[in-house]
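Here is a structure to walk through step by step. Keep the sequence and the 3D view open side by side.

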Amino acid sequence: MDEKQKQPRKGPSPQESVPPKLQGLHHFFAAAQYSAKGLKAAFRHEAAFRQDLLLVALQGLLLFLLPLSCETRLLLLALGGLLLVVELMNSALEAIVDLVSPQWHELAGRAKDMGSAAVFCLLATFGGCWVVVIYNLLKIR
């Protein structure tokens with residue numbers, strides 16, 4: 001018996017576990033399914049994402065109730081969308097760090113803190129823009 005036959009196989013080889021590359025519309029629809037799966041996972045497992053989603057939804061309501069210019073509405077909608085994107089990226093970063101480094105490590109903690117800081121910076125920008133919008137609405141009256 002040669003050396004290869006003596007060792008038990010430990011799961012699929014890397015070539016077997018990699019799905020085939022899709023092209024054209026198949027790639028587009030597969031990517032859309034992966035994105036939907038990611039949004040579902042974020043909603044199910046990430047409280048911060050659900051909170052940000054609620055904030056963006058409430059903002060959406062306010063944007064159409066308040067007398068704002070089209071440009072202001074678009075800017076605030078874009079900031080809301082960007083907030084969700086950064087929160088998703090932060091959640092992905094945290095998941096990867098937890099997978100790779102289950103025990104506490106200074107660099108893992110630093111990476112997670114930086115992801116959180118990115119979300120905080122965007123929340124501060126988001127809030128600051130709303131302060132300016134409300135101030136301008138009150139100043140006009």
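Helices are DSSP runs (H or I, at least four residues), numbered from the N terminus. Axes are lines fitted to C-alpha atoms over the stretch in contact, and angles run from 0 to 180 degrees between N-to-C directions. This is a predicted model: local features need pLDDT of at least 70, side-chain atom pairs count only at pLDDT 80 or more, and totals for chains, interfaces and linings use all residues. Residues are numbered from 1 along each chain as its sequence is written, and side-chain values use heavy atoms, without hydrogens and water.

Start with helix α4 (residues 47–65) and helix α6 (residues 106–140). Their axes come within 13 Å and cross at roughly 20°. That makes α4 roughly parallel to α6, a term for angles under 35 degrees. On the α4 side, the contact (heavy atoms within 4.5 Å) is made by Asp52, Leu55, Gln59, Leu62 and Leu63. From α6 come Val119, Leu123, Phe126 and Trp130. By class, these are 7 nonpolar, 1 polar and 1 charged. Ala, Val, Leu, Ile, Met, Phe, Trp, Tyr, Cys and Pro count as nonpolar, Asp, Glu, Lys and Arg as charged, and the others, Gly among them, as polar.

Now turn to helix α3 (residues 24–45). α3 packs against α4 at an angle of about 100°, with the axes 5 Å apart. The two are therefore roughly perpendicular to each other, the term for 65 to 115 degrees. Leu39, Ala42, Phe43, Arg44 and His45 of α3 meet Ala47, Phe49, Arg50 and Leu53 of α4. This contact has 6 nonpolar, 1 polar and 2 charged residues.

Key
Parallel < 35°, antiparallel > 145°, perpendicular 65-115°, else oblique.
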